[in-house]
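Here is a short briefing for a first look at a structure. Start with the display below, then read the points by topic.

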Amino acid sequence: SGVLGLTLRTAEATTRDEKPFVDLLVNLRATLRTDKQWAAADRVRDGLTKLGIALEDGPHGTTWKAG
């Protein structure tokens, strides 16, 4: 990979880099749900799912895991 100029990162490093952006989208989804904009909230969830981010809704809010 080095010959091609690529740097391989571990999943843990990628998760740290993604965290602020995923948190922002999770908060946006929560706002959309509060405003009863279900279709838009579902689009955010589906987009995150396609990127390998699993959301879990619970009594204390939404948590996420990179898969």
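Is Lys36 buried or exposed? Lys36 counts as exposed, because its relative accessibility is 61% and the cut-off for exposed is over 50%. The model is a predicted one. The points below cover a loop, a nonpolar core and a pair of strands.

**The loop at Lys36**
- Lys36 sits in the loop that links helix H1 (11–34) and helix H2 (38–50).
- Its phi is positive, about 60°, although Lys36 is not a glycine.
- Most residues other than glycine have a negative phi.

**The nonpolar core**
- The largest nonpolar core has ten residues in all.
- They are Val22, Val26, Leu32, Ala40, Ala41, Val44, Leu48, Ile53, Leu55 and Trp64.
- H1, H2 and S1 are the elements that each give two or more residues to this core.
- H2 supplies the largest share, four residues.
- Leu32, one of the core residues, touches Gln37, Ala40, Ala41 and Val44, leaving aside residues up to four places away in sequence.
- Among these contacts of Leu32, Ala40, Ala41 and Val44 also belong to the core.

**The strand pair**
- Strand S1 covers residues 53–58, and strand S2 covers residues 61–66.
- The two strands pair in the antiparallel sense, over six bridges.
- Two residues lie between S1 and S2, and the strands form a hairpin.
- Ala54 has Lys65 in S2 as its bridge partner.
- In a regular strand, side chains alternate between the two faces of the sheet.

Definitions and conventions: Residues are numbered from 1 along each chain as its sequence is written. This is a predicted model: local features need pLDDT of at least 70, side-chain atom pairs count only at pLDDT 80 or more; totals for chains, interfaces and linings use all residues. Side-chain values use heavy atoms; hydrogens and water are left out. Two strands pair if DSSP finds at least two bridges between them. Buried means under 20% relative accessible area, exposed over 50%, partly exposed in between (1.4 Å probe, protein chains only). A nonpolar core is a set of buried Ala, Val, Leu, Ile, Met, Phe, Trp, Tyr and Cys residues joined through side-chain atoms within 4.5 Å. Contact means heavy atoms within 4.5 Å.
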